[in-house]
Amino acid sequence: MPDTHTAHALELEIPYTVGHRADTGLYNGKLGIWLFLASEVMLFGALFSSLILLRTSAPLWPRGWEELNVPLATVNTMVLIISSVTVVLAWANLRLGNFARGRLFIAATLVCGLAFMVIKGFEYAHKFELHHYPSTNNFFATYFLLTGLHGLHVVGGMVVFLYFLTFGSRMWHRDRDRFTNRIEIVGLYWHFVDLVWIFLFPTLYLL
Amino acid sequence: MAEQIAVQAHHSPEEIQKEIRVYIAVFCGLAVLTGATVGACYGLKLPVHYAVMVAVTIAIMKGFLVAGFFMHLLSEKKVIYGILALTVFFVAVLLWGPLEHFLNRMGGGIR
Amino acid sequence: MTEQPQNRDLPQGAQADAARAGLLRDEGGHHLPWIRRYVFSTDHKWIGIQYGFTALLFLLLGFSLMLMMRLQLGWPGRAFALLKMVLGEGRAPGGVLLPETYNQLGAMHGTIMVFLGIVPLAVGAFGNYLVPLQIGAPDMAFPKLNMASYWFYFAGGMIMLASFAAPGGAAASGWTSYAPLSVIATQGQTWWLVGMLFLITSSLLGSINFLVTIIQLRAPGMNFMRMPFFVWAQFVTSFLLLLAFPPLEAGAIMQFMDRVWHTSFFIPGPLVITGEVVNFGGGGNALLWQHLFWFLGHPEVYVLILPAMGIVSEVIANNTRKPLWGYRWLVGSAVFLGFMSFVVWAHHMFLTGMGTMISSFFQTTTMIISIPSVIILTVLFVSLWGGSIRFTTPMLFALAFLPMFGLGGLTGLPLGLATADLHLHDTYYVIGHFHYIVAPGTIFALFAGIYYWFPKITGRKLNDVLGRIHFFGSFIFINGIFFPMFIQGLAGVSRRLYDGGIQYAHAKVVAERTNPFMSISAWCLLAVQLPFIINFFWNAIAAARGRKNVGDNPWDATTLEWAATTSPPLAHGNFTVIPVVQRGPYEYSSPECTDTDFLPQHANTAGNPPAGGGMLPTHAVARSES
């Protein structure tokens, strides 16, 4: 059929999926993820703003350690920081062409994420045992809201890492640079999740 | 078709190894700062006002390390800086607005 | 220019196949299965069409809700068989609308029109279809994300529709869902919150796509100051959507928790509702919701107007046969407007007891934000001066936009002044103000866009006679509905009153004299949409059968979507060769023109398109350097 030729002739390939555009110095995915992170900054910023408001207008508000488990949360903080290191090491190894080590570090990141959620699970369970629910008071409402939403973001990242360890890893063999870029992009997302926790942890637990 | 520049071309293995050393150093810094903030606020049981100042300062330092080195923000392009600057400004506005409203209500202060 | 077939069916052959069935093949030239062709397409043009159809249906639905409301407002307490038929005995016993039902219709009218109708049409449909074409890109930067955006929108829309069937009916606390009423409202409000989360997700994914596309995928030679103003408008709009929606998302999650898990983010203490005490932990603040809502709510209204200004600019430039006057002013104003829109939100909250300092702050920023709007309107008016005006149907709508938006904008000024707002807040004056901007403003611009770009999308022009009936009828009746609202508002008729204000002695006379007239106008407005609907479907169906009646560039336009590709545009990919842009977007009647009065953006200086642009066959063609 003659129209096959026309279809082939069309410039369908989207430019700058892997290579940088000269004037911006970016490839599409990197710009996209930073824009997404900007919107996430607005999201968590709104939540922090609400927390500050509710706390300053409350006559009574407990100190974080009075109600929450600081040692456990400190462990969680270190777990996330370690996971940030592993994901950036994954990316570095992929750039060195070392797929096996790269995958290892991606798996390590996934394991850290899992550890974080398990510890969080213990924390929540303990709260429920003490009959501390979101409805108890605004301290717990904000605690559950902020850590819950953050936890959902952790799970989201874990799903993506799992994908890249399994089906997604095929792309390494098809288009090495593109796969490496994708790990860079999910790494940026993951660092942001760590960054949110870096602010969340002291705000909820230490103040 | 378009002028695509190979992404990995301008980083040699030596440069990447150097970056890895930086990552490890940053990790050590983050660990120390975490210890410091927990020690100050929880270990020493600082009163709220001081706790806020210490915790926010340390959090900003940790954030700077993660964003600057792990996210490579220190060597990022202008476009990204512009987007983030705009975002930070709007978050500041969003933090200010409701707080100003509630602190200075007609009829006086927080109710 | 190349000869185009006129008023007859396309001949068979490669070009015809490509043009008519352009969407049917993937890049390998293989047949796509039906579901990947028409349902889960990743082609921005088809996604734009999906958005367009869905949004137009929602607009019609939102309009219908209001028509039912206006029956009640015009003749309060009267029985209408239509109401009983459509809404059922439960919601309209004996054909008389219940107050609870009126509230549902009101809240859903606003929600559907804003979030399911106008924004998806202006941004999702027009933006998606045209932006890649106008900047010379093969598609959006993230085609799969684009597809996901549409389906999140669709899911959100279905959830909103389904909410009517919830026990107690749909959301009924206004499109603004103020706490604490919304927290204690019936189940439909929870559906509303969930629906909003889907819509916000759709919007965020879409805005990321638009921004990356515009920044990264501009064709060679298409620098920022050569982009059509329509693209600039979409660019600023996408920043607004990206950064303003998340706080509402946070607020929606908090309201959801208040409703479902009994938290007290927005509840100050236990509430007494019709004599019963409802225990909440307390400590929350209802005004917090208002801040979070309006932080989005205000940028949202600029999302409603900016694409419209973009469309009007394109249509005016094309139909005056001269460049827009003050393109740089337009761009600067749009950017400034977008920035300012983030710092004016509390002018919706002047009556909440804010202190003098914060009230003054927001009043000042609101006054300042009127300046870029005035500049844009002035630029468009001045652009008419000395033009060779063609009164095509799209131009009629675009011309009407100018004074109508002007009136809407001017009536915003007393609302932005805190003292005047004391009298006008929550009255019909506000409703008149924003409807003038959105209805004879944005919607007219969207109609202009439909009439203007229909030939691009289908290869057929809409019928002019039906178009003029549509225009003149709409213009007359839309003013009939909304102008009296200013009078009502000044007389003190409040918003959201089930009986239109007759229960209040100070408002009764004005309400009684104006409401029936407005309701009749509303139903007449429906009547004159029929020529448009018939026109639209008749021509869409003919086009789907491959019956073109115009060439590739029937309006003799300069921008890339007209000049560098076919009508309809070619299959997934848009251009045989990515055009190289040589000049600005509005080179009409330029001294360099030779045998025509316009220079396409990518044409070489002799006025001819470079070899290889558009429909020519596939052999390799050297691209000119920019």
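Local features need pLDDT of at least 70, and side-chain atom pairs count only at pLDDT 80 or more, while totals for chains, interfaces and linings use all residues. Residues are numbered from 1 along each chain as its sequence is written, and chains are lettered from A, and ligands numbered from 1, in the order in which they are written. Chain A has eight helices and zero strands, chain B has three helices and zero strands, and chain C has 19 helices and two strands. Helices (H or I, at least four residues) and strands (E, at least two) are DSSP runs, numbered from the N terminus.

**Chain A**

- The elements of chain A run α-α-α-α-α-α-α-α from the N terminus on.
- Chain A has a radius of gyration of 21 Å, whereas a compact globule of 207 residues would have one near 17 Å. The radius is taken over C-alpha atoms, and the globule rule is 2.2 Å times the number of residues to the power 0.38.
- The C-alpha trace of chain A spans about 75 × 35 × 35 Å along its principal axes.
- Of its 207 residues, 54% count as buried. A residue is buried if 20 or more other C-beta atoms lie within 10 Å of its own, exposed if 12 or fewer, and partly exposed in between, with C-beta atoms placed from the backbone.
- Among contacts in chain A between residues at least 6 apart in sequence, 77% join residues at least 24 apart. Two residues are in contact if their C-beta atoms, placed from the backbone, lie within 7 Å.

**Confidence in chain A**

- The mean pLDDT of chain A is 92, and 94% of its residues reach 70 or more. pLDDT is the predictor's confidence in each residue, from 0 to 100.
- Residues 1–11 of chain A stay under 50 in pLDDT. The model has 27 contacts beyond four places in sequence for this stretch.
- Where pLDDT is low, the predicted coordinates should not be read in detail.

**Chain B**

- The elements of chain B run α-α-α from the N terminus on.
- Buried residues make up 27% of the 111 residues in chain B.
- Chain B is divided into domain 1 (14–75) and domain 2 (77–111). The bounds come from an automatic or database domain assignment.
- The C-alpha centres of these two domains of chain B lie 25 Å apart.

**Chain B against chain A**

- In this interface, 47 residues of chain B are in contact with 50 residues of chain A.
- On the chain B side, α1 (13–43), α2 (48–70) and α3 (78–103) each supply at least two residues.
- α1(B) gives the most to that side, with 13 residues.
- The residues on the chain B side divide into 36 nonpolar, seven polar and four charged. Ala, Val, Leu, Ile, Met, Phe, Trp, Tyr, Cys and Pro count as nonpolar, Asp, Glu, Lys and Arg as charged, and the others, Gly among them, as polar.

**Helix α1(B)**

- The 31 residues of α1(B) should span 45 Å at 1.5 Å a residue, and its end C-alpha atoms are 43 Å apart, which agrees. The expected span is 1.5 Å times one less than the number of residues.
- Buried residues in α1(B) include Val26(B), Phe27(B), Leu30(B) and Thr37(B), along with Val38(B), Cys41(B) and Tyr42(B).
- Their cover includes α3 (64–67), α4 (70–95) and α8 (176–206) of chain A, together with α2 of chain B.
- Lys45(B) follows α1(B) and has a positive phi, near 50°.

**Chain C against chain B**

- Here 16 residues of chain C are in contact with 14 residues of chain B.
- The elements giving two or more residues to the chain C side are α9 (229–260), α10 (286–320) and α12 (356–384) of chain C.
- α10(C) gives the most to that side, with four residues.
- By class, the chain C side has 13 nonpolar, three polar and no charged residues.

**Chain C**

- With 626 residues, a compact globule would have a radius of gyration near 25 Å, and chain C has 25 Å, which agrees.
- The C-alpha atoms of chain C fill a box of roughly 80 × 50 × 45 Å along the principal axes.
- Of the 626 residues of chain C, 58% count as buried.
- Helix α8 (residues 188–216) of chain C is mostly covered, with 24 of its 29 residues buried.
- Ile469(C) is found in helix α17 (residues 464–491) of chain C. Ile469(C) is partly exposed, with 16 other C-beta atoms within 10 Å.
- Leaving aside neighbours within four places in sequence, Ile469(C) is in contact with Val528(C) and Pro531(C).
- Ile469(C) and Phe532(C) are 63 residues apart in sequence and 8.5 Å apart in space, C-alpha to C-alpha.
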